[in-house]
Amino acid sequence: MDTQLISIHYSDPLWIAIAFVCGLATRSVGLPPLVGFLAAGFLLNALGAEGGEFLGAMADLGITLLLFSIGLKLKLKSLVRPEVWGVATLHMSVTTLLVASMVLLLSYTRLPLLSDIELGTAILIGFAMSFSSTVFAVKILEELGATSAKHGSIAIGVLVVQDIAAVVFIAVSMGKLPTPLALALVALIPLRFLMYTILDKVGHGELLILFGITLALVGADIFELVGIKADVGALVFGMLFASHAKAPEMAKALLGFKELFLVGFFLSVGMTVMPGWTEVMIALLFIVFLPLKVALYFGLFNLFSLRASSSWRTSLNLANYSEFGLIVGAIAVSSGWLPKEWLAVFAVVMSVSFIFAAPLVNIRDSLYQTWRPTLKRFERYKRLSGEENLDLSSVKVVVFGMGRMGTAAYNAMELDDPSHLVGVELDQEKATQHSAEGRNVVYGDATNPDFWTRAPELLVGLDWVLLTLPTHTANMNAALRLKDMGYRGRIAATTKFRDEEDALKAVGVEHTFNIYTEAGLGFANELQSFVSK
């Protein structure tokens, strides 16, 4: 206990408390708490505060657990899809050239930090600005319950490809190539079956959490030892377990720890360096470029045959600059390629992009509905698997979200009338599995405005909609989408808390099912029936 206390600076608890207050304040005005955490970091920086080793350790552990959790949900085959690697490589290349050209043009001015910049330095800056933030995008997707949705899985795939490019750059720029021992990492593939056996035996409580944290840290350390970025090790170790039946449970068990430790990351970003007016003005030039970066994503996703709505949502998931800019800045400054003030520029660019992107995600669907006629013009006729049109004209009842609750509801109603029932699952592999088991389940996203375009006749005879999506936010968005489409039938939804019930009923949900309360009542009724026999 004493050893741990020595590592905690006396001011760290105060900084965390300030982060909590700022996070609560931003949440109260409809923004994600992470915006408040960033604001807290800038506020503390302005007051001259400095984070201790404890905050740094929190940030590192948060990112490690985040990437491990991404790996748990990521199948390797998802990276080889053309809409993932094709968009990632083309976008990085084009953005690097565009930003580098802009920087070179500005180098002929008398603007501080930009005058007399050479071609190689301009390309380096462009490369740093071509990345989107893995931490931010995954955090937002998890809050929306959309990591398995089409737009979420493609965004994560693009981010992983970018992370791979980042690792290659860091290795080359620092002259730190993997050691020959890196070849031994191939042995992890057969060894994973031994680790599978251990995972089968850890149960569902604290040992599962501890085993997950251990895997993330061990994976990071092993890769670091052989000369590969530690974060990649955490990601790869997560991917090794992605096919295990307990992978979703482990990711869910680690969620609270990951959320807590990421507070340290967002605080650390704000407290990295204190920018002056020059750094802020240059950073704003790159913020002005951000809409073009998003437009390029949108155009490329459409080129690879995504529907306009999926292209739009995926592009806004990536509508930010990355923490990789700070890493590039640190390398460039230490190598003498850039003055140290550029580190402040990268920090401001990333932070301001987070602040703009967070509320934009909340209104993305309403913006899409407003600009839909224009955005649909960029859509190609060809359809990817999972985005083709659906014939659901005879359906009377639809279950959105075929997890445990949704599957149980589907099975119960199937006994009454199987021909007029359909399940909609946003994870394509799960939808395929349900179909193989004989259920009428299709792949789709109830929160997507264009889902109803795929199934234009669904609303005609629909009587009941059951919302059993993974998060309250997803259920709310689906209910709002139904109302926007003119649905006048009945809606039921699962909840976990009383305030969620009130929020759902306020937007027109007729019946809510609190899975904790109702499960207890069901058990009590079943027990009473058993005793009375």
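In which loop is the place of Ser305? In this predicted model, Ser305 lies in the loop that runs between helix 13 (277-303) and helix 14 (308-317). The phi of Ser305 is near 75°, a positive value in a residue other than glycine. A positive phi is also found at Leu113, where the angle is about 75° although Leu113 is not a glycine, and this residue belongs to the loop between helix 5 and helix 6 (119-129). The two residues are set out below.

| Residue | Phi | Loop |
|---|---|---|
| Leu113 | about 75° | between helix 5 and helix 6 (119-129) |

Among the helices, helix 12 (residues 247-270) consists of 24 residues and spans 33 Å from its first C-alpha to its last, which is close to the 34 Å expected at 1.5 Å a residue.

Another feature concerns helix 3 (residues 33-46) and helix 16 (residues 341-362), whose axes come within 10 Å and cross at roughly 145°. The crossing of helix 3 past helix 16 is left-handed. On the side of helix 3 the contact is made by Val35, Leu38 and Phe42, while helix 16 contributes Ala347, Ser351, Phe354, Ile355 and Ala358. Sorted by class, this contact between helix 3 and helix 16 has seven nonpolar residues, one polar residue and no charged residues.

As for confidence, the protein has an average pLDDT of 81, and 90% of the residues score at least 70. Confidence is highest in helix 5 (residues 82-106), at a mean of 93, and lowest in helix 1 (residues 2-7), at 43. Over residues 1-7 the pLDDT is below 50, and this stretch has three contacts in the model beyond near neighbours in sequence.

Key:
Residues numbered from 1 in each chain as written. Predicted model: local features only at pLDDT ≥ 70, side-chain atom pairs only at ≥ 80, totals over all residues. Heavy atoms only, no water. Axes fitted to C-alpha atoms, helices over the stretch in contact; angles between N-to-C directions. Helix = DSSP H or I, 4+ residues; strand = E, 2+ residues; numbered from the N terminus. Left-handed = near helix turned anticlockwise from the far one by under 90°. Contact = heavy atoms within 4.5 Å. Nonpolar A, V, L, I, M, F, W, Y, C, P; charged D, E, K, R; others polar. Expected span 1.5 Å × (residues − 1). pLDDT = per-residue confidence, 0-100.
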